[in-house]
Amino acid sequence: MAIFLFLLFFPLMAPTSVFSLPVQDPEQVVQQVNESIRNATVARRSLGFLSCGTGNPIDDCWRCDPHWEKNRQRLADCAIGFGKHAIGGRDGKIYVVTDPRDDDPVNPKPGTLRYAVIQDEPLWIIFSGDMTIKLKEELLMNSFKTIDGRGANVHIAGGPCITVQYVTNIIIHGINIHDCKRGGNAYVRDSPEHYGWRTISDGDGVSIFGGSHVWVDHCSLSNCNDGLIDAIHGSTAITISNNYMTHHDKVMLLGHSDTYKQDKNMQVTIAFNHFGEGLVQRMPRCRHGYFHVVNNDYTHWIMYAIGGSAEPTINSQGNRFLAPNTEDNKEVTKHEDAPQSQWKQWNWRSEGDLMLNGAFFTASGTGASSSYARASSLGARPSSLVSSLTAGAGALVCKRGSRC
C-alpha cells in the first residue's frame, strides 16, 4: 500500500522539480499543471479513502465520515481561518427546502429557501433534492443560518443571489451560484417581523455587507453581474475556502472604497480555492484590512491575480500561480490607485509561493511582524501540495451513505 500511495501522489509532486527548470514552450507549462490537476482530482474521486488525508484541514475534518448526512451540523466545527467561529445554524433545527419557487419576496411560502433564511431562530437548511432556484429579488439572510447543498445538485442562478447584510454567523456550503443579476426597486422581507424597500443591487454571487463570522465553502461560482464574492462596509471574520471560480471579470472585492476607513479592521482568509478558466482580475482586490491568501491554485488570469489599494496587508503563502502566456500580464500583483512612493510602504509579501510560466509577485513594505500577525490565520502547507489540497474545490457530489 505504501508503494501504491507513493506512485499515486508522485505526479502531484513532480511539477516542483519540473518547473524549477527553464521551459521553452509556455504551453508545456500549462499542460503540465492541468495534467497534475486532473491527476489529483481523479485520485481523490476514485479512491474515497484518500479524502481523509489530503492535508486540507477542512475536508479532512468531515469528508471521511460515511454518515455525514446524519452528522451534517458537525461541518460547523471544521472551519478554519478568520471565519472559523462561524457556526451558522449548528445549534438549531434542520430545515428542508422542498419548493424551488420564489414567487413572493415579501411573503415567502413555507418550504422555500427564502422562508427558511429569514427566520429568527438558528436553522441548518438542506434540500429535498436537485433544484435550480431563480430568485425574484436578493436573498436577504438572517443570522445563524447554514445553507447546506450536500446530497443535492442545487443552483442559485438566473436572478439576484445571496446578500449577507448586517448579520452574523452564516455558512454557505455546496451551492452552485452563477449568472446572478441585479435586483431591487422592490420590497423584500429579511425577517418574520420586517420587510423593506431595496434599491438596485449589484448582482453579486454573495454580497457581504457589514457581516461578520461568515464562511463560504465548497461552492462553484461563475458569471455574475458584479463580483462573485464581495465583502464591504465593515465586514470581517470571513473565510472563503474550497471554492471553484470561473468565467468572470471582477472576481472578489474586499473593502468598500479607499475612503471607507471602517474596513481597516477587516480580516479575510482565502484558502484552498481554485481560480480557474475565464477569470480576469480581483482574486481578490483588497482595501485597508488584513488578508491571508493561502494554498490556492491560480491557473488563469488575464490582467492580474491579487490587487489592492488604501494600504491593505496581504500575506500570500503557499499558493501556485500559473501566469498567462501574454508577456504583459505575468505579474501576480497590482498596486492600485497610488504612486510607487506610497505603495512601496504597503505590507505585501509572498512566502513559499510557486511561480510558474514567468509569474512574479511584487512585494512591498517593511515586513513588520505585527502587521503580518494580523494577516495570518492558519499554517500554510507547501505549494507543491496545492494540487491535492484543491482537487475537490467547488460544489461536491455527495451521495448519502458514502464518503463525500
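Buried means under 20% relative accessible area, exposed means over 50%, and partly exposed lies in between, with a 1.4 Å probe and protein chains only. This is a predicted model, in which local features need pLDDT of at least 70 and side-chain atom pairs count only at pLDDT 80 or more, while totals for chains, interfaces and linings use all residues. Residues are numbered from 1 along each chain as its sequence is written, and side-chain values use heavy atoms, with hydrogens and water left out.

**Exercise 1.** Classify the aromatic pair of Tyr187 and Trp197, and state how accessible its two members are.

*Solution.* Rings of Phe, Tyr and Trp (its six-membered ring) pair if their centres lie within 6.5 Å, and planes under 30 degrees apart count as stacked, over 60 as edge-to-face and the rest as tilted. For Tyr187 and Trp197 the centres are 5.0 Å apart and the planes stand at 75 degrees, an edge-to-face arrangement. The pair links distant parts of the chain, ten residues apart, with Tyr187 in strand S10 (residues 186-191) and Trp197 in strand S11 (residues 194-198). Tyr187 has a relative accessible area of 45% and is therefore partly exposed, and Trp197, at 49%, is partly exposed as well.

Terms used: Helix = DSSP H or I, 4+ residues; strand = E, 2+ residues; numbered from the N terminus.
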